[in-house]
Amino acid sequence: MCSRDCCSGPGGSHRGNACTDKKGAKSGSLAGEKIIPTPQSLLYPYEVIEEIADFITKGSGMRPRIGIICGSGLGSLADMIQDPKIFEYEKIPNFPVSTVEGHAGRLVVGTLEGATVMAMQGRFHFYEGYPLAKCSMPVRVMKLCGVEYLFATNAAGGINPRFAVGDIMLMHDHVNMLGFAGNSPLQGPNDPRFGPRFPALVNSYNKDLINKAIEIGKAMGIESNIHVGVYSCLGGPNYETIAELKALRMMGVDAVGMSTVHEVITARHCDMKVFAFSLITNKCATEYSDKKDEEANHEEVMAVAKNRQKACCELVSRLIREIHMASP
Ligand SMILES: O=P(O)(O)O[C@@H]1C[C@H](O)[C@@H](CO)O1
Ligand SMILES: Nc1nc2[nH]cnc2c(=O)[nH]1
């Protein structure tokens with residue numbers, strides 16, 4: 001009998017992560033298959049996610065309501081948390097490690113503006129060699145910890161010519177380029193305890209939260225630096241060619257990065273409310289040029305994030321205050 005709830009009856013077994021079911025699996029689209037090439041969703045069965053969530057809720061004595069993912073150089077969002085309980089990723093059972101500069105690799109649980117929160121100071125990217133299901137696994141951990149709202153932040157290149165370095169783009173939609181190529185964090189057998197086999201993604205980005213963030217931007221006096229737009233995630237780690245940037249612009253993409261989309265898909269699959277924004281850390285050139293200073297680089301990304309962390313922190317904390325005040 002398969003112990004992972006992915007096979008339907010006696011005779012099911014696993015070889016590595018591959019699930020074989022002699023009776024013919026009913027748990028996804030894999031009926032009758034003896035070898036499953038990329039059973040991403042089997043990497044972290046429900047019970048494993050549950051164990052990680054228990055470790056965090058018992059270790060912190062809290063059931064956080066809001067989850068925050070800090071983008072590159074935006075780790076200071078987690079530094080705002082009061083009475084923090086800190087979990088280094090390497091000490092959390094079954095957790096991956098962060099390998100990117102600007103992603104500290106720890107989970108911070110505590111309160112912010114009265115609300116219980118948990119923040120990832122360091123996310124996992126596809127280009128680090130992690131499958132998408134592993135990159136977004138912490139979102140499911142958040143869900144089982146009690147999180148209702150996901151705040152996902154990222155550093156991104158501005159493709160929309162109206163965007164300036166340091167601006168903030170509130171995400172109202174995305175173009176999932178990795179999905180175009182047949183990749184999804186939900187690939188593999190579906191566990192309905194997380195969500196449906198075929199989740200809809202229209203209205204993924206909560207409109208009320210976007211509108212509240214716009215109002216907060218006005219109150220902060222930074223309305224001219226706030227935009228609403230479409231983000232796209234590419235696999236990275238290389239930045240884009242001019243031809244790729246032109247193509248993305250034609251598709252209606254305003255900002256490009258290497259994260260967030262698979263986290264949002266995973267969050268919407270398990271019915272979390274999503275708020276996400278991109279800090280525009282560089283302007284993407286869409287014309288050919290020999291100028292070296294027009295090329296994207298991670299040092300610039302980090303420097304801009306550091307310069308703009310105060311505004312990003314204020315936006316996040318004010319929005320969390322509004323959520324908490326509306327329903328404590
Ligand atoms: O984690 P995010 O999406 O904020 O980081 C972006 C994408 C790459 O990791 C890095 C490139 O500079 O910044
Ligand atoms: N893909 C991508 N990711 C980024 N992260 C920060 N800037 C960029 C960029 O220009 N392109």
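I count a residue as near a molecule or strand if its C-beta atom, placed from the backbone, lies within 6 Å of it.

The model is predicted: local features need pLDDT of at least 70, side-chain atom pairs count only at pLDDT 80 or more, and totals for chains, interfaces and linings use all residues. Residues are numbered from 1 along each chain as its sequence is written, while chains are lettered from A and ligands numbered from 1 in the order in which they are written.

Entry on ligand 2. I looked up its shell and found 15 residues around ligand 2, of which Ala155, Gly157, Gly257, Ala296 and Val301 come nearest. I sorted the shell into 9 nonpolar, 5 polar and 1 charged (Ala, Val, Leu, Ile, Met, Phe, Trp, Tyr, Cys and Pro are nonpolar; Asp, Glu, Lys and Arg are charged; the others, Gly among them, are polar).

Entry on strands. Strands (E, at least two residues) are DSSP runs, numbered from the N terminus. S7 (149–158), S10 (255–257) and S11 (273–283) each supply at least two residues of the shell. The largest share, 3 residues, comes from S7.

Entry on S7. I checked burial (20 or more other C-beta atoms within 10 Å of a residue's own, all placed from the backbone). In S7, 10 of the 10 residues are buried, so the strand is largely enclosed by the rest of the structure.

Entry on pairing. Two strands pair if DSSP finds at least two bridges between them. S7 runs parallel to S11, with 10 bridges; there Leu150 has Val274 as its bridge partner. S3 (residues 66–69) is also parallel to S7, with 4 bridges, and Ile69 partners Ala152. S10 is antiparallel to S7, with 2 bridges; Gly158 stands opposite Ala255.

How values were computed. A residue is buried if 20 or more other C-beta atoms lie within 10 Å of its own, exposed if 12 or fewer, and partly exposed in between; C-beta atoms are placed from the backbone.
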